[in-house]
Amino acid sequence: MPPSLILINPWIYDFAAYDLWSKPLGLLYIAGYLRRCGFKIRLIDCLDVHHPGMTADTSAKKPKRRSYGTGKYWRREVPRPLPLKNIKRPYSRYGISLDLFQEELSKIRNPKAILVTSLMTYWYLGVKEVIGLSKKIHPNVPVILGGIYAGLCHNHAVLNSGADLVVNNHNLDSILELLVGYGISAPGPSPDPDRKPKPAFDLLSRIEYICILTSTGCPYRCRYCASHFLNPDLIRRDPGEVLEEILHWHRNFDVRDFAFYDDALLVSFDTHLAPLLEELARLELDLRFHTPNALHIKEITPDIASLMHQTGFRTIRLGLETSDFSLHRDLDNKVTEGDFERAVDSLLKAGFAKNQIGAYVLMGLPGQSVDSVFESIDFVGRAGATPYLSDYSPIPHTPMWEQAVNHSQYDLAEEPLFHNNTLLPCWDDSRIKELPRIKKRALEIRQKYR
């Protein structure tokens, strides 16, 4: 019997949460890698919308699912944690029930180690809870925590998560070294380091969509983004390898929807994404592609837009952030005047509808005015795209972090719960009061383009 490892995707504790092609891709890559090494992998996804055990919970309202595999999670309202007690909004645990999680955990006999991932820094309460319950049910089993929270708030995670080890290294080979440190050896040979194993989406209850990474890292250095800290180097996969992965999930699991997780999908298009899309166009597979992480606007040309439309892109998200181009020079230097209009025009002429072309507008930046947000929303609408508000979340280790700390009424440095973008932590009360008007304006344009 091969040694068992438990991999856990924790609950979300937040004021709101929605599944927009959200899967623990890093954890699934680790699952695929460790399975290839000969381990028996047991995955517990606390955000599993399709877990059969939840149908017996009559107190829980079944989450609505929408097109392309997106939708709501199971949700149960819980008391707000003490630091957020004065925020007058419902606070919830998103995911399967506590009882079901403990039941799943108890079924697994003699695991050798428990690996827990983490995402948003302000979701650490879910991380802490799964680790506490794991130690209660499997008290002598080492718990290793990784992921984004573990990397961005390493010291906080060491002091508060309850994990035996907190790591911020995403190298797959290092996972085996960590396990060896606990006396756990892989029963089989290590996979070829030059060829990534497929992420183990087949361990999920149901596969509604697949998340795809064609590259990690980003050549841009946006002041609000932690991509460079988390992935310092831009590393691209072979287009043929990515194609084989897409074909695997489509032909063997009937998957049609694929969401690109890249931070720089269109950069070096001719040698990177173009060969993949050209082959997909030749195969005529009737697939649907989505870009929730946003595309770089200046990379979009008429030819690129046409090829994207031909290969089945359905959800286009553009990283505009703001229409104030003097602010862009300070924020990211990735968009200049005329770039956005040219990109949207190329997409519209390629055949995309206005409601398929969304542009993210950042709101809540330190020092940002309400008028600037309104102007950006209207700018998007005039160009023929749909505005999507993106609330700014302060992120440690970003160039904007110190500015955010100085602008916030909250103690961002000590309490990650205050990083929550729902709070708009870098805006004062006078600007936060304008939020309903801002949302109404964006909604008016979205409804106009439906």
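**Entry 1: two helices**

At roughly what angle do the axes of helix α12 and helix α13 cross? I looked this up first, in what is a predicted model, where local features need pLDDT of at least 70, side-chain atom pairs count only at pLDDT 80 or more, and totals for chains, interfaces and linings use all residues. Residues are numbered from 1 along each chain as its sequence is written, and side-chain values use heavy atoms, with hydrogens and water left out.

The axes of α12 (residues 339-350) and α13 (residues 370-383) cross at roughly 40° and come within 9 Å. I took axes as lines fitted to C-alpha atoms, for helices over the stretch in contact, with angles from 0 to 180 degrees between N-to-C directions. Helices here are DSSP runs (H or I, at least four residues), and strands are too (E, at least two), numbered from the N terminus. The crossing of α12 with α13 is right-handed, meaning that the near helix is turned clockwise from the far one by less than a right angle.

Next I listed who touches whom, with contact meaning heavy atoms within 4.5 Å. From α12 come F340, E341, V344 and L348, and from α13 come F379, V380 and A383. I sorted these contact residues into six nonpolar, no polar and one charged. For that I counted Ala, Val, Leu, Ile, Met, Phe, Trp, Tyr, Cys and Pro as nonpolar, Asp, Glu, Lys and Arg as charged, and the others, Gly among them, as polar.

**Entry 2: salt bridges**

How many salt bridges does a search of the whole structure find? I got 21, each one a side-chain nitrogen of Lys or Arg within 4 Å of a carboxyl oxygen of Asp or Glu.

I looked at R237 and E241, whose closest N and O atoms are 3.2 Å apart in a salt bridge. Both R237 and E241 are buried (buried is under 20% relative accessible area, exposed over 50%, partly exposed in between, with a 1.4 Å probe and protein chains only).

R282 pairs with E279 at 2.4 Å between the closest N and O atoms. The two sit three residues apart in helix α9 (residues 273-283), about one turn of the helix. R282 counts as exposed because its relative accessible area is 55%, while E279 is partly exposed because its value is 24%.

**Entry 3: helix α6**

Which residues of helix α6 (residues 172-181) are buried? I found L172, S174, I175, L176 and L179. Among the elements covering them are β1 (4-9), α1 (25-36), β6 (111-116) and β7 (143-145). After α6 comes G183, with a positive phi near 75°.
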